[in-house]
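Open your viewer and keep the selection tool at hand. We will go stop by stop.

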Number of protein chains: 2
Amino acid sequence: MVRGMSTDRLEPDPTRLAAWEAFVFAHAAVVGRIERELAGDPDLVPLAWYDVLTALSEAPGERLRLSELAREVVLSRSGLTRLVDRLEAAGLLRREACPDDGRGTLAVLTPAGEAALRRTWPAYARGIVAHFARHLDDDEARVLSAALGRIRDAAREP
Amino acid sequence: MVRGMSTDRLEPDPTRLAAWEAFVFAHAAVVGRIERELAGDPDLVPLAWYDVLTALSEAPGERLRLSELAREVVLSRSGLTRLVDRLEAAGLLRREACPDDGRGTLAVLTPAGEAALRRTWPAYARGIVAHFARHLDDDEARVLSAALGRIRDAAREP
DNA sequence: GTTATATTGTTGCTCTTGCAACTACCAGGA
DNA sequence: TCCTGGTAGTTGCAAGAGCAACAATATAAC
């Protein structure tokens with residue numbers, strides 16, 4: 001697993017607890033800020049929409065099963081249903097029946113969805129740089145990417 | 001500011017972008033898991049309550065102005081008003097008039113609030129270890145604490 | 001002292017989310 | 001084949017959070 005601590009401790013040591021607290025509140029503060037910045041321009045989509053559209057744009061055929069999408073953006077299935085409702089109503093994606101599974105539904109990115117993605121990216125990127133990336137040196141960036149990626153993958157498992 | 005990048009870039013480099021994406025989804029996955037674990041036991045308080053109670057327990061006199069508390073837990077003032085309503089209704093804190101400012105209100109931790117904190121900590125600590133701390137070696141823990149602390153402090157400023 | 005400006009906390013409203021229950025569908029076993 | 005268990009997606013419901021607007025109080029300018 002990981003060196004430097006016994007893996008069956010019941011409490012985090014002070015350094016890891018400080019990391020956890022910084023993690024939680026940094027997330028709230030930074031995401032809140034970026035969200036408000038995006039909300040200031042009616043042409044830009046909110047972060048939750050952006051996450052869904054990005055996941056679709058990176059998927060083969062720009063389409064994904066709803067259950068897959070829910071795992072991808074870390075949302076409950078019911079939450080994802082409503083989110084996809086809103087995106088579909090806005091024309092940024094469309095639902096399509098899954099050919100090989102009668103239960104399934106695919107979300108498919110539309111040209112309007114791609115356009116929304118491209119339109120939102122510059123402001124989003126500025127927010128990431130100004131409130132997050134700007135404060136990291138190269139070593140820290142690598143460590144965060146590796147460590148948080150590992151944590152995310154573990155927490156996403158069933 | 002920080003070495004290793006020019007500070008006026010409009011987009012994050014790939015490493016920092018990967019760090020950002022891991023940061024966002026790791027938070028959603030880990031906090032969601034811990035929240036569900038706590039919700040499984042009716043004697044434990046949810047994370048938002050825990051954050052408020054901790055902030056109070058660490059403040060001098062175990063009391064804090066509501067505006068200070070809102071900054072501390074990164075919540076809007078209206079959001080904090082309702083949250084404090086719920087905590088007060090549950091008897092975990094009480095409101096008190098601020099002696100030196102007629103506009104102000106203090107939130108004061110009650111014994112029941114301290115008890116809730118102590119009761120919730122073990123399960124919360126287990127969640128932090130199992131889903132977060134367990135995946136960090138000592139170096140990573142130090143880097144996360146420092147870097148995310150810096151990011152949090154910057155994003156909390158007005 | 002009076003007036004103008006800013007801050008504190010609360011409320012109305014709306015949006016978003018999760019859980020539990022439900023339907024529709026798939027897969028495996030008798 | 002039929003039946004049983006499991007999965008996919010949707011819905012009713014309730015809880016939580018933010019914005020804008022408001023009343024009360026404080027602070028500064030004059």
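Select DNA strand C and show what lies around it. It is surrounded by 21 residues, and the closest are A:S76, A:R86, B:S67, B:R82 and B:R95. Here, a residue is near a strand if one of its heavy atoms lies within 4 Å of it. Of the atoms of DNA strand C that come within 4 Å of the protein, 60% belong to sugar and phosphate.

This is a predicted model: local features need pLDDT of at least 70, side-chain atom pairs count only at pLDDT 80 or more, and totals for chains, interfaces and linings use all residues. Residues are numbered from 1 along each chain as its sequence is written, chains are lettered from A and ligands numbered from 1 in the order in which they are written, and side-chain values use heavy atoms, with hydrogens and water left out.

Next, select B:S67. One of its backbone N or O atoms lies 2.7 Å from a phosphate oxygen of DNA strand C. Move to B:T81. A side-chain N or O atom of B:T81 is 3.0 Å from a phosphate oxygen of DNA strand C.

Colour the surface near DNA strand C by class. You will find 2 nonpolar, 9 polar and 10 charged residues.

Last stop: A:R16, in helix 1 (residues 14–39) of chain A. Is A:R16 buried or exposed? A:R16 counts as buried because its relative accessibility is 2%, and buried means under 20% relative accessible area (1.4 Å probe, protein chains only). A polar atom of the A:R16 side chain lies 2.8 Å from the backbone oxygen of B:L136.

Methods
A polar contact is a pair of N or O atoms within 3.5 Å; within protein, one must be able to donate a hydrogen and the other to accept it, and residues adjacent in sequence count only if both atoms are side-chain atoms. Ala, Val, Leu, Ile, Met, Phe, Trp, Tyr, Cys and Pro count as nonpolar, Asp, Glu, Lys and Arg as charged, and the others, Gly among them, as polar. Helices (H or I, at least four residues) and strands (E, at least two) are DSSP runs, numbered from the N terminus. Buried means under 20% relative accessible area, exposed over 50%, partly exposed in between (1.4 Å probe, protein chains only).
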